[in-house]
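User: Could you walk me through reading a ligand shell and a sheet?
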Amino acid sequence: MLELRNVTKVYNAGTVSEQRLFQDFSLTVEEGQFVAIVGGNGSGKTSLLNIICGSIPIEAGDVLVKGESILKWKDYQRYATMGRVYQDPSAGTCPNLTMLENLSLADNKGKPFNLRRGVDRRRTDYYREQLRALGLGLEDKLNVKMGSLSGGQRQAVALLMATMTPLRFLILDEHTAALDPKTAEVIMALTDKVVREKRLTAVMVTHNLRYAVEYGDRILMMNQGRVALDRAGEEKRTISMEDILTMFNKISIECGN
Ligand SMILES: Nc1ncnc2c1ncn2[C@@H]1O[C@H](COP(=O)(O)OP(=O)(O)OP(=O)(O)O)[C@@H](O)[C@H]1O
Ligand SMILES: [Mg+2]
C-alpha cells in the first residue's frame with residue numbers, strides 16, 4: 001500500500017511567486033491497484049508523481065509504503081522499488097549506449113555496478129526474448145545505439161527497463177503522449193500487460209481520457225492540487241468517456257479556462 005498523508009507542497013516558498021499546490025493532501029493506493037490520473041495542465045499530476053518518487057521535497061506530511069515512511073529512503077532503495085517512465089522517450093535511457101548496454105544497466109539497477117554480469121550470454125538471450133515479446137522487431141537490434149531508435153521503440157524499451165528488476169510500483173507520466181496513435185496503443189496495451197503480469201501497483205498520468213477510462217481499476221481527476229473525482233472498482237467500470245469529459249469541462253469552466 002502506498003500512502004500520501006497530509007502532504008503540503010509549496011513551490012517558491014517565501015517569494016512573490018509562492019504557490020501552495022498541495023495542502024493537507026492525502027491519497028491511498030491499494031496494493032496492486034492501477035490508478036489512472038487525469039486533470040488539466042498545472043493541476044499537480046507530475047508534482048504528485050515526483051512526491052511519490054521522492055524527487056521533490058515536501059513541506060509537511062509523509063509518504064508511506066506499507067505504513068512505513070519512505071521520505072528518507074536512499075536512491076538505491078527507491079530504484080529497487082519504483083520504476084518510472086516519462087513522457088520523453090529519451091528520458092530514462094542512454095542514447096549513446098547500445099540497447100544491450102541500456103538493458104544491462106537497468107537489469108543491474110540497485111546492485112553493485114558490474115556491467116559484465118548483464119552482458120553474459122544467458123542474460124543476452126533473456127533480453128532478446130523480452131524484446132521479442134514486445135512484438136516490435138527489436139530483438140535483432142541489441143547492438144544498435146538507443147538514440148537511433150524511434151520514439152515509440154525507445155519508449156517500449158524504457159518500459160521494459162523500468163520493470164526489469166522485481167519492482168512494486170510503476171510510475172508513468174504521460175508515457176504515451178509523444179507517440180503516434182498506433183504506437184501509443186501498443187505501449188498502452190504493453191503497460192497493462194506488464195502491470196498485470198508483474199502485479200505492480202501503478203500510477204499513470206495521462207491526458208488521454210479514453211486510456212484512463214479503459215485501463216486501470218481506479219480513476220482520479222486532479223484539479224488545482226485536489227482530487228476532484230475518485231472512482232474505483234465497479235464505480236470505475238461504469239464510468240464513460242462522456243462522464244469524464246463533462247466533468248473535465250465543468251472544472252475548466254469553474255476555473256475560468
Ligand atoms: N519546479 C517547480 N517550481 C515551481 N513551480 C512548479 C514546479 N513544478 C511545478 N510547478 C507548479 O505547480 C503546478 C503543478 O505543476 P505540475 O507539473 O505538477 O502539473 P501537471 O498536472 O503535471 O501539468 P501538465 O498536465 O501540464 O503536465 C503548476 O502551477 C506549476 O507551475
Ligand atoms: Mg505533468
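Here is a short tour of the ligand shell and then the sheet.

Analyst: This is a predicted model, where local features need pLDDT of at least 70, side-chain atom pairs count only at pLDDT 80 or more, and totals for chains, interfaces and linings use all residues. Residues are numbered from 1 along each chain as its sequence is written, while chains are lettered from A and ligands numbered from 1 in the order in which they are written.

User: Which residues are around ligand 1?

Analyst: A residue is near a molecule if its C-beta atom, placed from the backbone, lies within 6 Å of it. Around ligand 1 you'll find Y11, N12, Q19, L21, G39, N41, G42, S43, G44, K45, T46 and S47.

User: Which element gives the most to that shell?

Analyst: Helices (H or I, at least four residues) and strands (E, at least two) are DSSP runs, numbered from the N terminus. Here α1 gives the most, with three residues; β2 (19–29) and α1 (45–52) each supply at least two.

User: What is the strand order in the open sheet of six strands?

Analyst: Two strands pair if DSSP finds at least two bridges between them. The order is β6-β7-β8-β3-β9-β10, with mixed pairing. β6 (82–85) and β10 (226–232) stand at the edges with a single partner strand each, so one side of each has no neighbour in the sheet.

User: How many bridges join β9 to β10?

Analyst: Six, between strands that run antiparallel, with β9 covering residues 218–223. L220 stands opposite D230 in β10.
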